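Colleague: I have a few things to ask about this one. Can you put it up first?
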Amino acid sequence: MIALVLMLCAFAVGTSEFIVVGVLPEVAADLDVTLPTAGLLVTAYAVSVAVGGPVLTVLTGRLPRRSLLIAVMVLALLAASACALAGDYTTLMAARMVAALSQGLFFAVASQVAVAAVPPEKQTAAIAKVVNGVALSTILGIPVGTLVGQNYGWRASFALVAALTLIGLIGVALGAPKVEHEPDAGVRASLFAFGKRTVLLGLLTTILSFTGMITAFTYVAPALRDVTGFSPAWVTGVLLVYGLGTMVGSTIAGRVRPGSIAKVLPIPLIGLTVLLLAQGFLLETKVTAVIAVFVLGAAAFASGPLLHTFLMGQAGSAAGLVASVNISAFNVAAALGPMIGGAVIAGGFGFQWIAAVGAVPTLLGVLVALVISRLVRRGAAPATEPNATTYAHA
């Protein structure tokens, strides 16, 4: 039950991040700022998540997990409400920054609660549920929020986020387990985890593999329109197929025991690399394009829960901090991917080449994942499970 609650919370905070993208023109016009200035609402949010999340995770490391999770959802609710009520750009920016900080801390705490609430063999599945919430926010939350904003005003989009967050808060307050949290040993001990090769290599794998995936996904909609020949309405339908792929991929990942992750991890990354290399050809027909989009989602979101669970298992008492830094690593990939795809277009190459270029960092991610697998197989690093603290229902 708690896994579903955390998935809903992840859906709410994930929707909060990108919902502004669909209503940027309306925000710019209403608050009398330029479109590029309004776009900073997205950039500043991503930077705040990447930097603020790990800092807040360290500062709150000794607080009880259940109480902290409730506090985070309250903060997210206040931030979403402030966004909906913002009367000027400065207020909206400040509210967005608070929302970003709550998101960065949420994923660290939610990951710890998720793995503590289930037996060790189900910990990957618990993380996968949280990841599913993020996937749903991209596929359902953002389009629905955009539709609401375009019909009822951009403030209504943030009101929708606030409503989703409130539901998640109620679910956490009623159903979150009372985790018997072992407080973090402090900043120095937490930072010691980043001296482990497997932790650094795992974070590098996140950056490399998701940079390639996001490079392709950022431009998949115009590619489906201009290369494959789908109408705008059909493009939306194909993106829903991508969402189905993410759900299938994370569900498959959830069946992998934490101790087997290092051995399994290279498989979806290899599949993702092959898909990216072939995507330019697959986009040429409608059937193969739909298949390619589905596999893109499945391979990427099979890798995500595996990496996240593995990193938490390697981090020991610093699991929360490493989980937060892994989210930061994903945000680094989210920044690099569009830049790489944009450079391909600026260089005069067509949409068909974007995924192939994105395959380069993903291939490097495969090589790093193979190194991790070899280290674990040789016993140079433990195939550990996330710290599964005991809990009691509140």
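**Salt bridges and other contacts**

Modeller: This is a predicted model. To start with, Asp30 and Arg155 form a salt bridge through their side chains, at 3.1 Å from N to O.

Colleague: Where do Asp30 and Arg155 lie?

Modeller: Asp30 is in helix α2 (residues 24–31) and Arg155 is in helix α7 (residues 154–175), so the bridge ties together parts that are 125 residues apart in sequence.

Colleague: How many salt bridges does the structure hold?

Modeller: The structure holds 2. Asp226 forms one with Arg225, where the closest N and O atoms are 2.9 Å apart. Asp226 is partly exposed at 47% relative accessible area, and Arg225 is partly exposed at 42%.

Colleague: Switching to rings. How many aromatic pairs are there?

Modeller: A search of the whole structure finds 6 aromatic pairs. Among them, Phe106 and Phe107 are edge-to-face, 5.1 Å centre to centre with 75 degrees between the planes. Both Phe106 and Phe107 are buried.

Colleague: Which pair links distant parts of the chain?

Modeller: Phe210 and Phe330 form an edge-to-face pair, with 5.2 Å between centres and 70 degrees between planes. That pair links Phe210 in helix α9 (residues 197–218) to Phe330 in helix α15 (residues 319–346), 120 residues apart.

Colleague: Now Ser137. Where does Ser137 lie, and is it buried or exposed?

Modeller: Ser137 lies in helix α6 (residues 123–152). Ser137 is buried, because its relative accessible area is 1% and the cut-off for buried is under 20%.

Colleague: What lies 2.5 Å from a polar atom of the Ser137 side chain?

Modeller: The backbone oxygen of Val134. If neighbours within four places in sequence are left aside, Ser137 is in contact with Phe11, Gly14, Thr15 and Ile142.

Colleague: Last topic, the surface. Which residues make the nonpolar patch of about 380 Å²?

Modeller: Val47, Val51, Val55 and Leu59 make that patch. One of them, Val51, lies in helix α3 (residues 35–59). Val51 is exposed, with a relative accessible area of 53%.

How values were computed: Residues numbered from 1 in each chain as written. Predicted model: local features only at pLDDT ≥ 70, side-chain atom pairs only at ≥ 80, totals over all residues. Heavy atoms only, no water. Patch = residues over 30% accessible without salt bridge, like charges linked within 9 Å, V, L, I, M, F, W, Y side chains within 5 Å. Areas by Shrake-Rupley, 256 points an atom, 1.4 Å probe, with all protein chains shown as cover. Salt bridge = Lys/Arg side-chain N within 4 Å of Asp/Glu carboxyl O. Helix = DSSP H or I, 4+ residues; strand = E, 2+ residues; numbered from the N terminus. Buried < 20%, exposed > 50% of the residue type's maximum accessible area, 1.4 Å probe, protein only. Polar contact = N/O pair within 3.5 Å; in protein donor to acceptor, adjacent residues only side chain to side chain. Contact = heavy atoms within 4.5 Å. Phe/Tyr/Trp six-rings, centres within 6.5 Å; stacked < 30°, edge-to-face > 60°.
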